[in-house]
Amino acid sequence: ACTTTTTTTSTTTSKHPMVGLVDHISIMPLQPHSRANEQLQSKNHDSHDHGKIEHDDDSKLNANNDNDNDNDNDNDNDGIHQYIPPDANGLAALAIAHDLSQKGVNCFPYGTADRHHTPLAIVRKQKTDFFQSGGGAAGAANDASESAPLPLPLPLPLRVPLPLGICTIGSPSNFVENFNIRLTDHISKKQAMTLTKKLRERGGHGHAGVLGVEALTLPYSLNRYEVACNLLRPDLSNGNSDSILEKVEEWVKEQVKEQEQQECQRDSSGEVADNEYTYFIDEAYRVGTTMDQCRDVMGLVNEDMVRKHDALVLERFRNFLT
């Protein structure tokens with residue numbers, strides 16, 4: 001399994017949603033999508049989701065876990081000691097959660113680390129202020145107003161935050177990759193939200209986006225917006241970053257067509273016509289670690305190579321924080 005830790009920071013111009021110093025830890029499998037995982041994901045989809053992050057239209061109902069070696073009334077940090085996950089990823093997640101909870105972090109498990117296999121989006125929405133924090137708060141009301149009512153998940157009681165805040169920690173059913181699309185300052189929030197909905201696996205009103213994609217609209221610096229995506233099935237050709245880029249190109253063409261229909265005033269230079277893509281899109285880029293990168297690291301053959309790799313990661317992390 002691979003451990004990916006996301007620590008979020010904020011600036012005066014742009015704030016990513018966050019609920020703690022160590023905001024999110026995910027223990028993800030590197031093996032192919034298993035049949036058991038397919039069944040778990042099928043339960044989640046049948047319940048209703050769209051399937052990251054989301055507050056825009058953000059949730060999945062939990063799938064029940066047949067493992068009844070626990071008491072359903074125990075949960076969170078207390079439940080860490082009572083529930084035995086069905087896979088190595090969940091076991092590793094709960095081991096880390098146990099250590100963090102001893103240091104004052106309020107840990108909320110998800111995926112197979114949770115007795116109900118509750119998805120990350122549901123845990124964030126029901127048990128934390130993630131979608132009301134940072135830039136997420138700005139778009140929460142508008143996005144939610146366009147969403148259909150969602151079924152309630154199994155009870156997830158709130159707990160008083162501990163001094164170091166909250167960490168959602170768990171094990172999704174398969175490796176998750178991240179991809180962001182940063183829009184130019186020509187794009188309004190309303191326009192940005194249309195791209196978000198186009199990319200989501202379930203964008204509402206019968207729309208189908210990219211398989212396994214969750215997306216959230218976030219404000220960025222300099223009056224720009226960014227669409228942040230979780231790719232839940234990057235191992236499939238219709239759920240990877242190439243599929244995201246294809247949808248982005250479709251969206252650009254739609255925006256150009258809409259402007260033509262509205263007979264919008266354009267610069268005399270013909271900026272939109274000559275540079276359609278760059279007029280709308282500032283940058284589309286992968287975020288974080290890919291499955292192939294994890295496998296490459298696991299292929300390091302001696303301790304010296306591992307130490308050099310770890311030192312490089314630490315240096316990059318320090319640069320990120322500064």
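## A strand residue to start with

Let's begin with Asn230, which sits in strand E9, a stretch covering residues 224-231. The model you are looking at is a predicted one. Asn230 has a relative accessibility of 8%, and because buried means under 20%, Asn230 counts as buried. Its side chain also has a partner: a polar contact of 2.6 Å links the side chains of Asn230 and Asn178.

## Helix H6 and its surroundings

Now turn to helix H6, which spans residues 189-199. Eight of its eleven residues are buried, so the rest of the structure largely encloses H6. Those buried residues are Lys189, Gln191, Ala192, Met193, Leu195, Thr196, Lys198 and Leu199.

## How H6 meets H7

Two packed helices are described by the angle between their axes and the distance between the axes. For helix H6 and helix H7 (residues 241-261), the axes come within 10 Å and cross at roughly 140°. The two helices are therefore oblique to each other, and the crossing of H6 with H7 is right-handed.

Which residues in H6 and H7 meet? From H6 come Gln191, Thr194, Leu195, Lys198 and Leu199, while H7 brings Ile244, Lys247, Val248, Glu250, Trp251, Glu254 and Gln255.

Methods. Residues are numbered from 1 along each chain as its sequence is written. This is a predicted model: local features need pLDDT of at least 70, side-chain atom pairs count only at pLDDT 80 or more; totals for chains, interfaces and linings use all residues. Side-chain values use heavy atoms; hydrogens and water are left out. Axes are lines fitted to C-alpha atoms, for helices over the stretch in contact, and angles run from 0 to 180 degrees between N-to-C directions. Helices (H or I, at least four residues) and strands (E, at least two) are DSSP runs, numbered from the N terminus. Angles under 35 degrees count as roughly parallel, over 145 as roughly antiparallel, 65 to 115 as roughly perpendicular and the rest as oblique. A crossing is left-handed if the near helix is turned anticlockwise from the far one by less than a right angle, and right-handed if clockwise. Contact means heavy atoms within 4.5 Å. Buried means under 20% relative accessible area, exposed over 50%, partly exposed in between (1.4 Å probe, protein chains only). A polar contact is a pair of N or O atoms within 3.5 Å; within protein, one must be able to donate a hydrogen and the other to accept it, and residues adjacent in sequence count only if both atoms are side-chain atoms.
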